[in-house]
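Thanks for coming. Please have the sequence and the structure open while I talk.

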Amino acid sequence: MSTAVTTSGSTGLPDVPVLRITPPSRWWVIPAGELWAYRELLYFFVWRELKVRYKQTVVGAAWAVVQPFLTMLIFSLFFGKLANIPSGGLPYPVFYYSALLPWMYFAASVQNATNKIVENQNVITKVYFPRLILPISGTVSGLMDFGISFLMFVVIMIYYRIHPGWAILMLPVFLLLAVLTALGVGLWLSALNAIYRDVRYVVPFLVQFWMFASPVVYPSSLVSARWPKWAWLYGLNPMVGVIEGFRWSLTGTGNPPGRMVLASFAAVLVVLVCGLMYFQKMETTIADVV
Amino acid sequence: MSEPVIRVERIGKRYRLGEGLRHTALRNVIGDALRAPLRLLTGSSHIRNNGPGASSPVTNAGASAGMAAGSSRFIWALKDVNFEVRQGEAVGVIGRNGAGKSTLLKILARTTRPTEGHAEIHGRIGSLLEVGTGFHPELTGRENVYMSGAILGMRKAEIDRKFDEIVAFSEVERFLDTPLKHYSSGMQMRLAFAVAAHLEPEILFVDEVLAVGDAAFQKKCLGKMSEVTNEGRTILFVSHNAAAMQSLCSRAILLKDGLLIQDGPFVAVMSEYLAKSTNPSTESLWPNQSDAPGNDVIRIRKVSVHSESDHGATNLDAELITVRTPLVIEFEYWNLKPRALLNLSLLVYTEDGVLAFNTGPVTEPVWQGKPFPGGLFRSVCYLPGDLLNDGFHRLTLLVVENQAHIVYRHEDILTFEVHEDGASRKGWYGDWPGATRPALRWTTELVSPAAALQQR
């Protein structure tokens with residue numbers, strides 16, 4: 001304990017970070033450097049959530065498999081066997097599970113990110129860190145459950161002897177699209193939820209509506225066959241691109257990514273950028289209103 | 001003299017008053033958004049309550065701190081605050097509740113943004129606006145050390161390195177792998193402070209964290225803090241607890257209604273603050289009998305409380321009343337009922353409304369049991385020092401006739417504050433419990449030395 005801090009004394013205070021505190025600016029920038037500096041905190045937020053999520057549960061992380069698996073069974077039975085929804089030749093379990101993988105990730109991440117600001121209000125009012133970390137951690141921590149439920153998918157694929165082709169190399173792209181979509185929506189909803197607690201009641205409905213607006217229980221070819229001129233509009237729902245992309249790259253069948261996916265990419269970019277702008281606008285006042 | 005490490009220039013913070021944001025109905029916002037969809041993104045939506053972009057009719061010019069001139073919908077929690085802090089200084093920020101102390105600290109710790117002005121901080125910042133930030137009840141003690149450390153700004157490697165030291169400081173080694181929810185609040189507090197104390201920032205902001213824990217732990221915390229200043233680091237310290245601050249801070253900044261009104265050596269600012277905060281109602285005078293409080297038996301002319309050494313002096317330069325000050329409480333009253341057998345009775349209440357004690361002139365043989373002629377009387381009650389506890393006290397006066405019925409009762413006839421006196425605390429910085437704080441005679445002697453016990 002001998003190192004007294006004596007860096008100053010000379011002029012200019014070398015090697016010392018200088019922080020300027022100013023009124024909120026009207027311009028927005030992505031605080032990329034700051035996010036990088038706080039990457040360990042992001043890691044800790046994700047780590048804490050994963051630690052806490054399945055504490056005091058009996059089957060623990062198995063829930064990540066049980067939920068999509070049971071949903072897949074129900075969908076296969078009712079939408080598949082009873083309603084005879086076309087699956088493009090895929091066994092229904094594969095057809096539904098490959099869509100539920102990204103969908104369940106998306107639904108959980110959006111709800112998770114929405115609550116992040118409110119959940120951590122006592123931290124937000126006491127300590128500074130880039131608030132962006134919170135919704136980001138909400139979307140990143142869902143990847144763990146995604147990974148676990150993906151293992152189940154591998155088992156299903158082996159059971160049905162389906163070999164994915166080269167298209168599977170594209171999977172990370174669609175996963176990224178899913179993450180960015182969840183983040184973009186999560187940014188909006190978490191900031192709104194900080195001010196208007198109505199949001200938390202809206203989100204479950206929103207997610208449910210969104211599922212039927214996405215090709216989870218049906219193939220998107222059904223939509224483009226019925227309304228061919230409006231397929232691009234349908235594609236503006238980014239989850240259309242994500243889910244079709246997942247089915248295509250995992251099973252090698254279905255629609256290869258076309259205009260629809262490009263529209264999805266464009267849409268997610270808009271949602272994300274606007275989300276970042278809005279979130280940053282809110283960030284300056286969140287501690288005062290949360 | 002070294003360079004300033006904190007420079008605050010014209011910092012101001014305006015809050016919106018009243019119902020404000022939280023109760024803004026979502027439908028209004030949706031309505032607004034439909035009318036002007038871009039406003040949500042581009043700036044002055046009515047969600048924002050500060051910032052130069054906020055389109056409020058209030059102009060800064062002429063608006064006094066505390067209350068904006070043009071509109072009562074906004075309040076300036078801070079206005080035009082300027083100061084500099086040099087490296088290694090320990091500065092106490094003092095002021096009453098609502099003076100803007102915490103707002104200032106929040107701005108510097110960046111949990112809120114100023115409305116105007118700017119500040120510059122050179123060096124790594126640690127802020128202790130609350131201990132236990134980031135603690136989660138489901139996580140174990142070990143896990144919480146990491147989480148809290150990360151939130152306070154430590155790197156994982158740094159926590160790894162200091163982990164044993166933190167645990168030793170917290171004295172909860174045995175429960176490290178127990179979930180935090182099974183900890184007592186004292187244990188949680190120790191662990192939380194241990195993490196915070198091992199931050200090694202160049203600049204530390206501290207807000208009221210010492211008001212917790214037992215005396216020994218408080219002492220340990222204060223020791224750690226002064227160690228920090230001795231290492232050349234800078235501390236900005238906000239607390240109501242003058243005694244705790246005095247042992248740490250060499251300089252103080254006094255805030256009042258959002259304005260910085262004094263900045264100087266701690267002792268000078270502190271005594272100024274205490275002098276200003278003495279309650280002006282320590283004396284009340286009703287020169288005219290006709291409108292004086294009372295009834296047809298008795299009318300009050302004057303009540304006052306002074307320190308005994310001030311007795312007879314004017315109220316203007318009254319000495320500060322501390323827990324050690326002997327007090328004189330004086331009543332002047334007209335007796336309007338000749339030959340009445342009167343008795344005064346004084347009830348002393350503490351801030352919490354607890355009746356500390358009741359006193360009356362029972363040891364005054366001259367008037368005991370004797371009828372009072374008509375005329376003006378003066379009764380004086382002498383309260384010794386080391387009797388009252390610190391805090392506000394309220395006095396209720398009773399006038400009793402024939403030792404039997406109350407002819408007059410005046411509640412809260414006087415209110416005064418008894419201030420803390422740092423010297424009598426002997427290292428304890430928390431609340432001093434009890435309705436009174438008498439200094440009683442104690443004796444302690446060694447009855448039999450340990451060696452003698454062993455021999456038997």
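Some conventions before that. This is a predicted model, in which local features need pLDDT of at least 70 and side-chain atom pairs count only at pLDDT 80 or more, while totals for chains, interfaces and linings use all residues. Residues are numbered from 1 along each chain as its sequence is written, and chains are lettered from A and ligands numbered from 1 in the order in which they are written.

Chain B has 10 helices and 17 strands. Helices here are DSSP runs of H or I with at least four residues, strands are runs of E with at least two, and both are numbered from the N terminus. Of the 456 residues in chain B, 37% are buried. Buried is set at 20 or more other C-beta atoms within 10 Å of the residue's own, exposed at 12 or fewer, and partly exposed in between, with C-beta atoms placed from the backbone. Taking contacts in chain B between residues at least 6 apart in sequence, 71% join residues at least 24 apart. A contact requires C-beta atoms, placed from the backbone, within 7 Å.

Now the six-stranded sheet. It is open and mixed, with the order S5-S6-S7-S3-S8-S9 in chain B. Two strands count as paired if DSSP finds at least two bridges between them. The edges are S5 (125-128) and S9 (259-265) of chain B, each pairing on one side only. From one strand to the next, the twist averages 15°.

What does S6(B) pair with on either side? S5(B) is joined to S6(B) by four bridges, and the two run parallel; Gly126(B) has Leu204(B) as its bridge partner. S6(B) and S7(B) are also parallel, over five bridges, and there Asp207(B) is partnered by Val238(B). Further along the sheet, S3 (residues 90-94) and S8 (residues 251-256) of chain B run parallel with four bridges, and Ile94(B) sits opposite Leu254(B).

Is S6(B) mostly covered or uncovered? Mostly covered: five of its five residues are buried. Ile203(B), Phe205(B) and Asp207(B) point one way, Leu204(B) and Val206(B) point the other way, and all are buried.

One helix to note at this sheet is H3 (residues 101-108) of chain B. H3 of chain B lies across S3, S6 (203-207), S7 (234-238) and S8, and runs at about 145° to S7(B). For the angles, axes are lines fitted to C-alpha atoms, for helices over the stretch in contact, and values run from 0 to 180 degrees between N-to-C directions.

The next sheet has four strands. It is open and antiparallel, ordered S14-S13-S16-S17 in chain B. S14 (355-359) and S17 (405-418) of chain B are at the edges with a single partner strand each, so one side of each has no neighbour in the sheet. Neighbouring strands are turned by 20° against each other on average, direction ignored. S16 (residues 391-401) of chain B and S17(B) pair antiparallel over 10 bridges, and Glu401(B) has His405(B) as its bridge partner.

Ile298(B) is worth a look on the screen. Ile298(B) lies in S11 (residues 298-307) of chain B and is buried, with 24 other C-beta atoms within 10 Å. Leaving aside neighbours within four places in sequence, its contacts include Trp334(B), Val399(B) and Tyr408(B). Ile298(B) and Tyr408(B) are 110 residues apart along the chain, with their C-alpha atoms separated by 7.4 Å.

Last, two helix pairs. In chain B, the axes of H4 (residues 141-151) and H6 (residues 185-197) come within 10 Å and cross at roughly 40°. That makes H4(B) oblique to H6(B); under 35 degrees counts as roughly parallel, over 145 as roughly antiparallel, 65 to 115 as roughly perpendicular, and the rest as oblique. Among the residues that meet are Val145(B) in H4(B) and Leu191(B) in H6(B).

In chain A, the axes of H3 (residues 63-82) and H4 (residues 92-119) come within 9 Å and cross at roughly 130°, and the two helices are therefore oblique to each other. The contact includes Phe75(A) of H3(A) and Leu100(A) of H4(A).

That is the end; questions are welcome.

Terms used. Two residues are in contact if their C-beta atoms, placed from the backbone, lie within 7 Å.
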